[in-house]
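Please look at the sequence and the model first, then continue with the points below.

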Amino acid sequence: SGERLCSTEDCIPGTGTYLRHGNIFASLAGYVLRKNEGEELPVISVVRETEAQLLPDVGAIVTCKVTSINPRFAKVHILYVGSTPLKDRFRGTIRREDVRATEKDKVETYKSFRPGDIVLAKVISLGDVQSNYLLTTAENELGVVVAHSEAGAQMVPISWCEMQCPRTHAKEFRKVARVQPEYLQA
């Protein structure tokens with residue numbers, strides 16, 4: 001502790017910090033967190049290692065489970081940041097316009113995700129009070145990685161927009177992630 005973190009021109013002091021001569025110092029040893037709370041400047045705070053909760057950060061790749069969909073967006077629970085499981089429940093939203101990079105106006109949410117799907121997404125903005133993160137799947141590597149068919153079988157991707165049930169051979173539409181091999185073991 002006592003370490004200078006930044007000046008008040010760059011940050012707003014949060015918990016675990018103190019102000020002196022226009023600079024912000026750590027008042028305890030631990031992890032430094034920067035959070036944009038919608039102010040112009042990020043809030044800087046220090047938490048003890050035991051309290052340090054890995055938080056989804058902008059640009060982080062997260063694994064989430066779709067909980068509900070409507071024509072405008074999909075609601076998800078964030079389960080992992082990278083390969084680290086989260087202790088707390090973080091909610092996220094994937095808006096229709098953030099589903100894919102091309103022909104955004106033609107996206108239909110229910111042809112992209114279904115409740116229960118496991119989706120790889122990227123954080124594009126931090127949550128508000130309800131910790132609702134905005135996520136995107138508009139990259140080839142992002143999208144649905146695990147989905148179950150109506151028959152309850154794990155489906156196999158057959159294109160970037162379709163998956164097939166190995167049992168019934170029925171096809172369902174999804175925004176399919178072009179999966180990197182390391183995600184397949186999970």
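The model is predicted: local features need pLDDT of at least 70, side-chain atom pairs count only at pLDDT 80 or more, and totals for chains, interfaces and linings use all residues. Residues are numbered from 1 along each chain as its sequence is written, and side-chain values use heavy atoms, with hydrogens and water left out.

**Overall make-up**

- Of the 186 residues, 38% count as buried, where buried means under 20% relative accessible area, exposed over 50%, and partly exposed in between (1.4 Å probe, protein chains only).
- Among contacts with a separation of 6 or more, 48% join residues 24 or more positions apart; a contact means heavy atoms within 4.5 Å.

**Nonpolar cores**

- The largest nonpolar core has 26 residues, and Val62, Cys64, Ile78, Ile94, Phe113, Val119 and Leu135 have the most contacts inside it. Such a core is a set of buried Ala, Val, Leu, Ile, Met, Phe, Trp, Tyr and Cys residues joined through side-chain atoms within 4.5 Å.
- At least two residues of this core come from each of the strands E7 (61–69), E8 (73–81), E9 (84–95), E10 (118–125) and E11 (132–136).
- Strand E8 gives the largest share of this core, four residues.
- Leaving out residues up to four places away in sequence, Ile78 touches several residues, including Val62, Cys64, Phe90, Tyr133 and Leu135.
- A second, separate core has eight residues, among them Leu5, Cys6, Ile24 and Leu28. Cys6 is buried, with a relative accessible area of 5%.

**Aromatic pairs**

- The whole structure holds two aromatic pairs. Rings of Phe, Tyr and Trp (its six-membered ring) pair if their centres lie within 6.5 Å; planes under 30 degrees apart count as stacked, over 60 as edge-to-face and the rest as tilted.
- Tyr18 and Phe25 form a stacked pair, at 5.4 Å centre to centre and 15° between the planes. Tyr18 is partly exposed at 28% relative accessibility, whereas Phe25 is buried at 17%.
- Phe90 and Tyr133 form an edge-to-face pair because their planes stand at 75°, with ring centres 5.8 Å apart.
- This pair links distant parts of the chain, with Phe90 in strand E9 and Tyr133 in strand E11, 43 residues apart. Both Phe90 and Tyr133 are buried.

- Three strands form an open antiparallel sheet in the order E13-E14-E15; two strands pair if DSSP finds at least two bridges between them.
- Strands E13 (156–157) and E15 (171–173) are at the edges with a single partner strand each, so one side of each has no neighbour in the sheet.
- Strand E14 (residues 162–164) pairs with E15 over three bridges, and Met163 has Glu172 of E15 as its bridge partner.
- Cys161 lies in the loop between E13 and E14 and is partly exposed, at 25% relative accessibility.
- Cys161 and Lys175 are 14 residues apart in sequence, yet their C-alpha atoms are 5.0 Å apart.
- The whole structure has zero disulfides, a disulfide being a pair of cysteine sulfur atoms within 2.5 Å.
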